[in-house]
Amino acid sequence: MTGMMMKVLCIIVVCALVAAPYAQAVSCSDVVNKLSPCISYLKNGGSVSAACCNGIKGLNTAAKSTADKKTACGCLKNAYQSISGIKADNASGLPKKCGVNIPYKISMSTNCNNKK
């Protein structure tokens, strides 16, 4: 390998290493997209769709870092406020119905800054 090619390869590797932690960051659009199949259940109850549970599981898998958990929590609270008709009991019980164990209750009173 020539010296120039080696330099280019090193730059590419460094850029990939620097960008990798940010590629997995959770955004509010991720939260909304993953949980949009759950809106009917959140408003009306009944059975939880497979698409909803897949979204819950996907969000739980994606939100591993403390920053991601805080972001997801804040996005959930914002969505809860902006979508009328969501029933608090349906929201708080949703993770369990999908087989996802989270260490806090989903509610408007949850302090997102305490998530770890």
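**Reading the helices, core and pocket**

Student: Which residues of helix 6 are buried?

Tutor: They are Asn 90, Ala 91, Leu 94 and Pro 95. Keep in mind that this is a predicted model. Buried means under 20% relative accessible area, and exposed means over 50%.

Student: Why do the buried residues of helix 6 line one face of the helix?

Tutor: Look down the axis of helix 6. Its buried residues fall within an arc of 135 degrees, so one face of the helix holds them. Now turn to the other side of helix 6. There Asp 89, Lys 96 and Lys 97 are exposed.

Student: What covers the buried residues of helix 6?

Tutor: The cover includes helix 3, helix 4 and helix 5. Follow the chain just past helix 6 as well. Gly 99 has a positive phi there, about 75 degrees.

Student: Let me step back to the whole fold. How many helices and strands does the protein have?

Tutor: Six helices and zero strands. Read from the N terminus, the order of elements is α-α-α-α-α-α.

Student: How much of the protein is buried?

Tutor: Buried residues are 23% of the 116 residues.

Student: Now the core. Which residues have the most contacts inside the largest nonpolar core?

Tutor: A nonpolar core is a set of buried residues joined through side-chain atoms. Here the largest one has 18 residues, and those with the most contacts inside it are Val 31, Cys 38, Leu 42, Ile 56 and Leu 94. Helix 2 (28-35), helix 3 (39-44), helix 4 (50-62), helix 5 (66-82) and helix 6 (88-97) each give at least two residues to this core. Helix 4 gives the largest share, four residues.

Student: What does Leu 94 touch?

Tutor: Set aside residues up to four places away in sequence. Leu 94 then touches Cys 38, Tyr 41, Leu 42, Val 48, Cys 52 and Ile 56.

Student: How far does helix 4 reach from its first C-alpha to its last?

Tutor: Compare a helix with the span expected at 1.5 Å a residue. Helix 4 has 13 residues and reaches 18 Å, close to the 18 Å expected.

Student: Which residues of helix 4 are buried?

Tutor: Cys 52, Cys 53, Gly 55, Ile 56 and Leu 59. Seen down the axis of helix 4, these buried residues lie within an arc of 155 degrees, so they line one face of the helix. They pack against helix 2, helix 5 and helix 6. On the other side of helix 4, the exposed residues are Ala 50, Asn 54 and Thr 61.

Student: Is Asn 60 buried, exposed or partly exposed?

Tutor: Asn 60 sits in helix 4. Its relative accessibility is 29%, so Asn 60 counts as partly exposed. Beyond four places in sequence, Asn 60 touches Val 100 and Ile 102. Asn 60 and Val 100 are 40 residues apart in sequence, yet 7.6 Å apart C-alpha to C-alpha.

Student: And Asn 44, buried or exposed?

Tutor: Find Asn 44 in helix 3. At 58% relative accessibility, Asn 44 counts as exposed.

Student: Where does Ser 36 lie?

Tutor: In the loop between helix 2 and helix 3. Ser 36 is partly exposed, with a relative accessible area of 38%.

Student: Last, the pocket. How much space lies in the largest pocket?

Tutor: Rolling a probe the size of a water molecule over the atoms shows where empty space is left. Here the largest pocket holds about 680 Å³. It is lined by 35 residues, and the closest to its centre are Leu 35, Ile 56, Leu 59, Leu 76 and Ile 106. Helix 2, helix 3, helix 4, helix 5 and helix 6 each give two or more residues to the lining.

Student: Which helix gives the largest share of that lining?

Tutor: Helix 5, with seven residues.

Notes: Residues numbered from 1 in each chain as written. Predicted model: local features only at pLDDT ≥ 70, side-chain atom pairs only at ≥ 80, totals over all residues. Heavy atoms only, no water. Core = buried A, V, L, I, M, F, W, Y, C linked by side-chain atoms within 4.5 Å. Buried < 20%, exposed > 50% of the residue type's maximum accessible area, 1.4 Å probe, protein only. Contact = heavy atoms within 4.5 Å. Expected span 1.5 Å × (residues − 1). Arc of directions from axis to C-beta. 1 Å grid on protein atoms, 1.4 Å probe; cavity = no way out; pocket = protein on both sides within 12 Å on 5 of 7 lines; lining within 4 Å. Points joined across faces, edges and corners; volume = space filled by probe spheres on them.
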